[in-house]
Amino acid sequence: MGNKAPTSSASASARDQQPQWPWVPHSKPMDIRIINLDADPKDRWKEIGKEYKTQLKQIIEEMKKTIPESVLPLFDKFGSELDSLLPQPYSGELRGLAEVTEIPVGELFVFNLVYDITAHCTSIVAQRSKYAQPLHARNLDMPPEVKDITSISRHATFTVQFQRAGETVYSGVTTVGIIGLLTGQKPNSFTITVNERRTGSIWTNIFHILRDHPGSAITFQVRDALADPDLNYQGVLKRMIDIPMIAACYVIIAGTKPGEGAVITRDREEAVKPFDKGVWKLNDSDGTWYLLQTNTDHWTKPPNLEPSGHDEQAMFSYRRQVVGNKQMSQMGPSNLSPQNLINPVLSTVPVLNEHTLYSIVMSAADPSLEKSWIRDYPPPPESAQERA
């Protein structure tokens, strides 16, 4: 971290900036882009908007196909009321992005909300021993019903470094058009990921934010936390337990010290109670050396995994949970490493699947370990032949 900012938001590719690892299957290293926080908010995303304008227009058109027709007329209303719905700097950043891409700002606003609550994911926090610093890794999976958006997003998703005076103050992964973060790292402080926890329809959740909590979109709350210079692991843990959110979710956090790792199971208003369930922590005394969270509550037992009338998305989450836990158990704490978290754990089907957009591994204690890959499973035939 700590890269000097280039003159443009776009930078050299990840292949040039990140050390090469052993082969990660069905992947390519993610490109890196810079956001200059010293710039006016309306100018911060303009270079990225120009670079990915075509892909963003395609993504927005695909998104609109999934939206109820009765909602589409509200987009203009959202745009005209943006400053009351979204605080600065985010309203300014969206307006600047809308200007350069020629996409109505109301459509960009809704895209940020939809992305905010539809992340099907596997997140892991783990440590080798009670004396070791935690590692944090995740796969982000897109919903099965938006396959076309996933395909386009593979060409428009990147690591973004947010910099002041040429130094990275926090970083994360995002897709063009999304100015908040579901995955982030604040160097020498904490790492954070968010997984979907489905407790209502997408549109129920969006209307909830517009009616009651216009500033509580999860991706913006994550970015607020990463940007807070005074917030450490304990501070972000408390904030994410208490702060109202647009929708139920899982917030996964790791710090820099042994034992600093937690999964917060969230309702809209606060963490689920009792807190011994709602706040699940690394715990050396009972042998909890890792936490693996998909999209179902960790205290629920997986049912028979054969199709039998269970909710399809819940079953898919359970399958990833069972296979991921098996991989972690086989690896064991003595073999824990960033490489082993990515491959085999996050590269084993169905933890890796056709909806997986990207993988990342992070360490707040050693920010240089942060590495991310665009995933594409299964690969096209010619790619499979090249890698054989």
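In this predicted model, His26 is found in the loop between helix H1 (14–17) and strand S1 (27–29). Its phi is positive, about 55°, although His26 is not a glycine. Most residues other than glycine have a negative phi, and most peptide bonds are trans. His26 counts as buried because its relative accessibility is 19%, and buried means under 20%. Ala165 also has a positive phi, of about 50°, and is not a glycine. Ala165 lies in the loop between strand S5 (157–164) and strand S6 (167–175). At 62% relative accessibility, Ala165 counts as exposed.

Peptide geometry was examined next. Gln88 and Pro89 are joined by a cis peptide bond, with omega about 5°. Pro89 sits in the loop between helix H5 (82–85) and helix H6 (90–101). A cis peptide bond also runs from Lys273 to Pro274, and its omega is near 0°. Pro274 belongs to the loop between strand S10 (261–266) and helix H12 (275–278).

The whole structure holds seven aromatic pairs. One of them joins Phe78 and Phe109 in an edge-to-face arrangement. Phe78 lies in helix H4 (residues 74–80) and Phe109 in helix H7 (residues 105–116), so the pair ties together parts that are 31 residues apart in sequence. Phe78 is buried, at 6% relative accessibility. Phe109 is buried as well, with a relative accessible area of 1%. Trp289 and Tyr290 form another edge-to-face pair, at 4.8 Å centre to centre and 70° between the planes. Trp289 is buried, at 15% relative accessible area. Tyr290 is likewise buried, at 14%. One aromatic cluster is made up of Trp45, Phe162 and Tyr170. A charged side chain also meets a ring: Arg320 lies over the face of Phe316, at 4.7 Å from the ring centre.

The second largest pocket has a volume of about 260 Å³. It is lined by 17 residues, of which Arg198, Asn295, Thr296, Asp311 and Ala314 are the closest to its centre. Helix H13 (residues 312–331) gives the most to this lining, with six residues. By class, the lining of the second largest pocket comprises four nonpolar, seven polar and six charged residues.

Methods
Residues numbered from 1 in each chain as written. Predicted model: local features only at pLDDT ≥ 70, side-chain atom pairs only at ≥ 80, totals over all residues. Heavy atoms only, no water. Helix = DSSP H or I, 4+ residues; strand = E, 2+ residues; numbered from the N terminus. Buried < 20%, exposed > 50% of the residue type's maximum accessible area, 1.4 Å probe, protein only. 1 Å grid on protein atoms, 1.4 Å probe; cavity = no way out; pocket = protein on both sides within 12 Å on 5 of 7 lines; lining within 4 Å. Points joined across faces, edges and corners; volume = space filled by probe spheres on them. Nonpolar A, V, L, I, M, F, W, Y, C, P; charged D, E, K, R; others polar. Phe/Tyr/Trp six-rings, centres within 6.5 Å; stacked < 30°, edge-to-face > 60°. Lys NZ or Arg CZ within 6 Å of the ring centre and 35° of its normal.
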